[in-house]
Amino acid sequence: MNNSPRAANGRAPDVFRPGGWIPMRCHDDEDEVDFAIVGTGAGGGTLACKLAEAGFSVVAFDAGPFWRPLEDFASDEYHQQKLYWLGERITGGDDPVQLGSNNSGRSVGGSTVHFQMVSLRFGPDRFKARSRLGYAVDWPIEPEEMWHYYDLTEDALKIAGPVSYPWGPPRRRYPYRQHELNAAGLVLARGCEALGIKWAATPIATLSAPRGKSPPCVYRGFCKFGCSTNAKQSALITWIPWAIKAGAEIRDLAMVGRIEVGRRDGKVTALHYHRQGEWRRQRAKNIVVAGYAIETPRLLLNSACPQFPDGLANSSGMVGKFFMVQSNHAVYGTFDEEIRWYKAPPSLAITEHWNYTQTGKDFPGGYAYMSQGPLPIEWADTVTGQRGLWGIELRHEMAKYNHQAGLKIVGEVLPQEKNRVELTDETDDLGLPIPRIVFAYGEEDRKLYQHAIRFMSAALDAAGGKDLWSAEDTAHLGGTCRMGTDPANSVTNADGRCWDIANLWICDGSLFPTVAGVNPSLTIQALAWRIADRIRDLARRGEL
Ligand SMILES: Cc1cc2nc3c(=O)[nH]c(=O)nc-3n(C[C@H](O)[C@H](O)[C@H](O)COP(=O)(O)OP(=O)(O)OC[C@H]3O[C@@H](n4cnc5c(N)ncnc54)[C@H](O)[C@@H]3O)c2cc1C
Ligand code: SF4
């Protein structure tokens, strides 16, 4: 693929047909559209769809390309690096976060194009961590409301999960039946049963039965590198085509560098974006930033202007602050029997025991852990990076690949103001300041992942694993533009509307006040759907 945008001149790629096109409504830069959205991932893609369906004129920009999975994705770990956000970023602090493939994507559909599809709900109490559990902060939204939007989102994406999920309040069954467990998932199940805790098939956003033009999953295991069959229900093949059908325009290969503020009323008026070698300016009545937890604060800070010298929406000083990851520590072991853990989506079995149990813990947050299935290059990277194995030792270790299994957490990391995203004086190819990400675990975070390593080691041992060892990692991003009820310590209200600028909105993982111990994308999509409904209601009341 060359560097020419595909979505232009009244048409966009048809993600279901090699070489195919679908019609797309297009706007001129001079058209003052109702909403210009920066980013088309879990947050931006969902919002573009729902706002267009509500009748708003929408243009959504993405810095990355518009892929057709059936022709552009290869079952090749190296080739698929093209899905990642690999722009330069500086990482610092006591526990520097690994960037790149590990945390963000750069294409229409965002990080959901290479995510692992695990689709979990926050436990209701986690939305009220301060008032119900005594740590961190509350979300400004009631859990019951989020659970309503979880219902809608799971149904829209046809999440495949168990008839009866063992954790949380009663809920209706998942729309598609659960996937059959692979051998790696059965290892998790054995370990849980030996230790007397519940386990389940993981709710996951890949199909267990045909849906429209998407076939069911064929269990080849390339999910983290882009699903080439379209079984995975990423934003690229769900919200984006639905958004276009409802009248939204998507602009691919369009990097937004700055948001402009009007001189008179302090409202945003346009955004400046780079496409096909030139800077252009799109007018808009409202602008939504949905670039995820690094690029969203980067854009707001870089849009500083005489009216807002510290960056947009930043009168509280909170833009870029309270950056969070999730701890992603693992325990691995070797088994006598063949496991072939590369087969099928990587995390087919889960336990959320430590998200819902408050006894036997020396930390306030929660974690889930899941079965694993790294592909060979990824596994070799882990083994060399974490254990320093090279040469013949590495060859011997890799020879055991088909006999290995592992368990990995998604662990809650608590919000700390000193963990942050900020701008540096260095600039990228487009002249935009490069972000620095500063991160250090707190004491409670360390206690959580140490607890998890001990528990998972016991589980893997009980399941028959030998030569156990543990590895460090982080996953997912959150925070940096937290929502709240007080303009003094948050960036937006519960609708993602910036306190300082009424027609500037945020709609992505950067809104999270806390990250809980579950993967974030279902919550980001449910939140985006809620924000779209709130915007529609505000418009009806003349309060937009
Ligand atoms: C390897 C991996 C596995 C994961 N697995 C899971 C999982 O199993 N379950 C789960 O829930 N979550 C998972 N996640 C996390 C999940 O994918 C993200 O949390 C989610 O996609 C974030 O949504 P978002 O809308 O905030 O940002 P994204 O989905 O990342 O979308 C942001 C988009 O904005 C674009 N953008 C940013 N800045 C600009 C700009 N200035 N101009 C134009 N475009 C811009 C980017 O190109 C990108 O496409 C995984 C992530 C990774 C990396
Ligand atoms: S295992 Fe399923 S979801 Fe993963 S890449 Fe293959 S078909 Fe897609």
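The part to look at is an open sheet of 3 strands, in the order E5-E17-E16, with mixed pairing. Keep in mind that this is a predicted model.

Start at the edges. They are strand E5 (90-92) and strand E16 (420-427), and each pairs on one side only. From one strand to the next, the twist averages 30°.

What holds such strands side by side? Strands of a sheet pair through backbone hydrogen bonds, either parallel or antiparallel. Here you can find both senses, as the pairing is mixed.

Take the parallel pair. E5 pairs with strand E17 (residues 433-438) in the parallel sense, over 3 bridges. Thr 91 has Ile 437 in E17 as its bridge partner.

Now the antiparallel pair. E16 and E17 run antiparallel and are joined by 5 bridges. Leu 423 stands opposite Pro 435 in E17. These two strands also form a hairpin, with 5 residues between them. Look at Gly 431 in the turn: its phi is positive, about 85°.

Helix H7 (residues 292-302) lies across E16 and E17. Its direction makes an angle of about 60° with E16.

H7 leads on to a ligand. H7 is one of the elements that give two or more residues to the shell around ligand 1. The others are helix H1 (42-53), strand E8 (255-261) and helix H12 (521-540). The shell has 40 residues, and Gly 39, Gly 41, Gly 110, Gly 291 and Ser 521 come nearest. By class, 15 are nonpolar, 20 are polar and 5 are charged.

Follow the chain on from H7. Ser 315 lies in the loop between H7 and strand E11 (324-327). Is Ser 315 buried or partly exposed? Ser 315 has 17 C-beta neighbours inside 10 Å, so it counts as partly exposed. A residue needs 20 or more to be buried.

For contrast, turn to strand E15 (residues 404-411). Here 8 of the 8 residues are buried, so E15 is largely enclosed by the rest of the structure. In a regular strand the side chains alternate between the two faces of the sheet. You can trace two sets of residues in E15. Gln 404, Gly 406, Lys 408 and Val 410 point one way, while Ala 405, Leu 407, Ile 409 and Gly 411 point the other way. Both sets are buried.

Strand E12 (residues 330-334) pairs with E15 in the antiparallel sense over 5 bridges. Strand E14 (residues 367-371) also runs antiparallel to E15, and 5 bridges join them. Ala 330 stands opposite Lys 408, and Met 370 has Lys 408 as its bridge partner.

Finish with a helix pair. Helix H5 (residues 183-195) and helix H11 (residues 443-462) pack at an angle of about 105°, with axes 7 Å apart. They are therefore roughly perpendicular to each other. H5 makes the contact with Gly 191, Cys 192, Ala 194 and Leu 195, and H11 with Ala 458, Ala 459, Leu 460 and Ala 462. By class, the contact has 7 nonpolar, 1 polar and no charged residues.

Note on methods:
Residues are numbered from 1 along each chain as its sequence is written. Chains are lettered from A and ligands numbered from 1 in the order in which they are written. This is a predicted model: local features need pLDDT of at least 70, side-chain atom pairs count only at pLDDT 80 or more; totals for chains, interfaces and linings use all residues. Axes are lines fitted to C-alpha atoms, for helices over the stretch in contact, and angles run from 0 to 180 degrees between N-to-C directions. Helices (H or I, at least four residues) and strands (E, at least two) are DSSP runs, numbered from the N terminus. Angles under 35 degrees count as roughly parallel, over 145 as roughly antiparallel, 65 to 115 as roughly perpendicular and the rest as oblique. Two residues are in contact if their C-beta atoms, placed from the backbone, lie within 7 Å. Ala, Val, Leu, Ile, Met, Phe, Trp, Tyr, Cys and Pro count as nonpolar, Asp, Glu, Lys and Arg as charged, and the others, Gly among them, as polar. Two strands pair if DSSP finds at least two bridges between them. A residue is near a molecule or strand if its C-beta atom, placed from the backbone, lies within 6 Å of it. A residue is buried if 20 or more other C-beta atoms lie within 10 Å of its own, exposed if 12 or fewer, and partly exposed in between; C-beta atoms are placed from the backbone.
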